[in-house]
Amino acid sequence: MRAEQITDAVAFHGEGPVWSPRWGGLRWVDMLAGDVLSLGADGTIGRRHVGDVAAALRPRRGGGAVIGVERGFALEDADGTLTSLPEVWSDRGVRMNDGACDPEGRFYCGSMAYDKSPGAASLYRIDPDGSTALVLDGVTISNGLDWSPDGGLAYYNDTATQQVAVFDYDAASGLTGRRPFVSIADEDGAPDGLTVDAAGGVWVALNQGGQVRRYTPAGALDEVVEVPVAGVTACTLGGPDLDELFITTSREGLAPGEDPQAGALFRAVVGVAGRPAREFAG
């Protein structure tokens, strides 16, 4: 299967696509520009600056969004008002990178060092009351995170491990029992963003691999979506029937004029539906 390009190269480092009818369709981030992008029904692109970094976002149950910014979190209200919350850490060499909401409506967002120092990153959680917690430490590049349809498993990428990990999950214990789900060969790219469909399949973006792969709940490779850009960063299922795979890409590390499609948004109709985006309860 091959993805089609549906926008110009509108982002330097496109990441974190999320589909939600609550905010009118698809949003994603131009991460290092600190901008949230939106795709209009007529194909127009909206852009809103939210900080030095816009790492990841999810809709809020009351409207608006929760956003991972450079060193913490921000809240967008339904009327568009943006409130930056206190920084979670002070080290300017580390930034937020990717995140998702759990079945209880808590938002997780993980970090990475700008220089990709091994073990310098962590995974954090913000609860509906605004309190934050450290979930994992000793991470290198905290990336894709999503839960199984029944909420009992969570899939997670620490990109440097070249593995998709799986955890057991419940509301009281959180993420436990980490173990490998699938391993990615170095020559195939690095596991970046991921999403889980309604059948429990795990779609993994392969950065520098030019692909998104679907793995069955048993870990078997089931589908490959080819993208004509090496820097594939993240994916989500959306559209009216939740069966369109939206794929973000990056120009990071490219010279001007090199790989002109990099930074564009791509789409493939994949024949399997996603599930509605889990929302932040705060």
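**Close-up views of a predicted model**

E279 is buried, with a relative accessible area of 18%; here buried means under 20% relative accessible area, exposed over 50% and partly exposed in between, computed with a 1.4 Å probe on protein chains only. This is a predicted model, in which local features need pLDDT of at least 70 and side-chain atom pairs count only at pLDDT 80 or more, while totals for chains, interfaces and linings use all residues. Residues are numbered from 1 along each chain as its sequence is written, and side-chain values use heavy atoms, with hydrogens and water left out.

**View 1. E279 and its partners.** E279 sits in the segment after β24 (265-269); strands (E, at least two residues) and helices (H or I, at least four) are DSSP runs, numbered from the N terminus. Its side chain makes a polar contact with the side chain of R22, at 2.7 Å. A polar contact is a pair of N or O atoms within 3.5 Å; within protein, one must be able to donate a hydrogen and the other to accept it, and residues adjacent in sequence count only if both atoms are side-chain atoms. Setting aside neighbours within four places in sequence, E279 is in contact with S20, R22, P59, R60, R61, C101 and G105, where contact means heavy atoms within 4.5 Å.

**View 2. E76 among arginines and others.** E76 belongs to strand β8 (residues 72-76) and counts as buried, at 9% relative accessibility. The side chain of E76 makes a polar contact with the side chain of R27, at 3.1 Å. Not counting residues up to four places away in sequence, E76 touches R27, R48, R60, G63, G64, A65, T81 and L82.

View 3. C109 is in no disulfide either, as its nearest cysteine sulfur is that of C101, 10 Å away. A disulfide is a pair of cysteine sulfur atoms within 2.5 Å, and the count for this model is 0. C101 is buried, with a relative accessible area of 2%, and C109 is buried too, at 0%.

View 4. Rolling a probe the size of a water molecule over the atoms shows where empty space is left. On a 1 Å grid over the protein atoms alone, a cavity is a set of points where a 1.4 Å probe fits but cannot get out, and a pocket is an open set with protein on both sides within 12 Å along at least five of seven lines; lining residues have an atom within 4 Å of a point. Grid points are joined across faces, edges and corners, and a volume is the space filled by probe spheres set on the points. There is 1 cavity of 30 Å³ or more, and the largest cavity has a volume of about 310 Å³. Of its 26 lining residues, P17, R58, D146, T195 and T236 are the closest to the centre. At least two lining residues come from each of β2 (14-20), β6 (54-59), β10 (94-101), β14 (142-147), β18 (190-196) and β22 (232-238). The lining divides into 14 nonpolar, 7 polar and 5 charged residues; Ala, Val, Leu, Ile, Met, Phe, Trp, Tyr, Cys and Pro count as nonpolar, Asp, Glu, Lys and Arg as charged, and the others, Gly among them, as polar.

**View 5. The largest pocket.** The largest pocket holds about 340 Å³ of space. Of the 18 residues in its lining, H13, K116, D192, N207 and E252 are the closest to the centre. Strands β10, β11 (107-113) and β18 each give two or more residues to this lining, which has 5 nonpolar, 8 polar and 5 charged residues.

View 6. D170 is in strand β16 and is partly exposed, with a relative accessible area of 38%. The side chain of D170 reaches the backbone nitrogen of A172 at 3.0 Å. A polar atom of that D170 side chain also lies 2.6 Å from the backbone nitrogen of S173.
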